[in-house]
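User: I would like to learn how to read the features of a protein model one at a time, with the general idea before the particular case. Could you take me through this one?

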Amino acid sequence: MSDEELVRLSYQIDNFLYEIFKEKEIAPINLSGIVVARLIRMNESVSSEEDFYKLLKSISNKRHLELEERTLQ
């Protein structure tokens with residue numbers, strides 16, 4: 001997948017999550033829990049959970065998380 005395709009996919013996922021958030025009137029933290037649980041399960045099914053946990057750890061240590069910018073607006 002090209003960088004452009006990955007960006008396009010990211011925006012499609014943002015829109016999908018936003019639609020679920022609005023349609024189901026679910027709290028963002030609850031939706032986040034569901035999504036993370038499904039991602040864990042998906043990675044476990046293909047034996048990549050160790051890499052997935054490394055990815056989560058790497059992301060959680062990033063300074064960009066301190067920024068005001070958000071994707072679901």
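Analyst: What follows goes from the overall fold to single residues and pairs. This is a predicted model, in which local features need pLDDT of at least 70 and side-chain atom pairs count only at pLDDT 80 or more, while totals for chains, interfaces and linings use all residues. Residues are numbered from 1 along each chain as its sequence is written, and side-chain values use heavy atoms, with hydrogens and water left out.

User: How many helices and strands does the protein have?

Analyst: Helices (H or I, at least four residues) and strands (E, at least two) are DSSP runs, numbered from the N terminus. The protein has 3 helices and 0 strands, and along the sequence the pattern reads α-α-α.

User: What share of the residues counts as buried?

Analyst: Buried means under 20% relative accessible area, exposed over 50%, and partly exposed in between, with a 1.4 Å probe and protein chains only. Of the 73 residues of the protein, 8% count as buried. Phe52, in helix α3 (residues 49–60), is buried, with a relative accessible area of 8%. Phe52 touches Leu39, Ile40 and Asn43, if residues up to four places away in sequence are not counted; contact here means heavy atoms within 4.5 Å.

User: How should I read an aromatic pair, and which residues form one that is tilted?

Analyst: A pair of aromatic rings is described by the distance of the centres and the angle of the planes. Rings of Phe, Tyr and Trp (its six-membered ring) pair if their centres lie within 6.5 Å, and planes under 30 degrees apart count as stacked, over 60 as edge-to-face and the rest as tilted. A search of the whole structure finds 2 aromatic pairs. One of them joins Tyr18 and Phe21, which are tilted at 6.1 Å centre to centre with 45° between the planes. Because Tyr18 and Phe21 are 3 residues apart in helix α1, about one helical turn separates them. Tyr18 is partly exposed at 28% relative accessible area, and Phe21 is likewise partly exposed, at 27%.

User: Which side chains meet in a salt bridge?

Analyst: A salt bridge is a side-chain nitrogen of Lys or Arg within 4 Å of a carboxyl oxygen of Asp or Glu. The whole structure holds 1 salt bridge by this search: the side chains of Lys24 and Glu23 meet at 3.5 Å, N to O. Both Lys24 and Glu23 are exposed.

User: Where do residues other than glycine take a positive phi?

Analyst: Most residues other than glycine have a negative phi, and most peptide bonds are trans. Ser47 has a positive phi of about 60° although it is not a glycine. Ser47 is placed in the loop between α2 and α3, and its 65% relative accessibility makes it exposed.
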